[in-house]
Amino acid sequence: MGLVRFDEHEENVVAGQYSAARGPVLRSEKIEVAKIRFAKGEGAQWHAHPEEQVIYVLRGRLEVTLGEERYIVEPGQASYHPSNVPHAVRALEDTEALSFKNVVNPQYPSTGELR
C-alpha cells in the first residue's frame, strides 16, 4: 500500500497545455508526485498554479525562472515554486526530476493513485 512505483506510464504527457514533461503522475487527495523527464531544450512555458511545487532534480540540469529570479538547478538540488507565482523551466541537458505538489485544483489527469 505504501510502495510508490514509477515504472509505468513513462510516456504520459503530464501537462501538455504548458509543459513537455513526460512521466507518471500519482495523486492522493492532498499530494501529487510525478517523475518527470525533459529532453535537452524542452521545458515548461511560463505558467502558474494554485499548488505549491518542489522539483527535485535527479539527473541533468534545469534552468528555472521564478518570478523575476533565474537560476540553475543541479542534481541533488530542488526548486520551490510558491502558490500562484509564475515560473518556467528549461532543460539544459536531458533531465529527470521528481515533482511534488500539494493538490488544490489538478489541471491534468493522474496515471495512478497514492494510497
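How many cavities of 30 Å³ or more does the structure hold? In this predicted model, there are 2 such cavities.

**Largest cavity**
- A total of 21 residues line the largest cavity, and those closest to its centre are Tyr18, Ser19, Ile36, Gln53 and Ser99.
- At least two lining residues come from each of β2 (31–38), β3 (43–47), β4 (53–59), β8 (87–91) and β9 (95–102).
- Strand β2 provides the largest share of this lining, with 4 residues.
- By residue class, the lining of the largest cavity comprises 12 nonpolar, 7 polar and 2 charged residues.

**Second largest cavity**
- The second largest cavity is lined by Arg27, Glu32, Glu51, Lys101, Val103, Val104, Pro106, Gln107 and Tyr108.
- The lining of the second largest cavity divides into 4 nonpolar, 1 polar and 4 charged residues.

**Sheet**
- Strand β1 (residues 25–27) runs parallel to β10, and 2 bridges join them.
- Within this pairing, Leu26 has Gly112 of β10 as its bridge partner.

Conventions:
Residues are numbered from 1 along each chain as its sequence is written. This is a predicted model: local features need pLDDT of at least 70, side-chain atom pairs count only at pLDDT 80 or more; totals for chains, interfaces and linings use all residues. Side-chain values use heavy atoms; hydrogens and water are left out. Two strands pair if DSSP finds at least two bridges between them. On a 1 Å grid over the protein atoms alone, a cavity is a set of points where a 1.4 Å probe fits but cannot get out, and a pocket is an open set with protein on both sides within 12 Å along at least five of seven lines; lining residues have an atom within 4 Å of a point. Grid points are joined across faces, edges and corners, and a volume is the space filled by probe spheres set on the points. Ala, Val, Leu, Ile, Met, Phe, Trp, Tyr, Cys and Pro count as nonpolar, Asp, Glu, Lys and Arg as charged, and the others, Gly among them, as polar.
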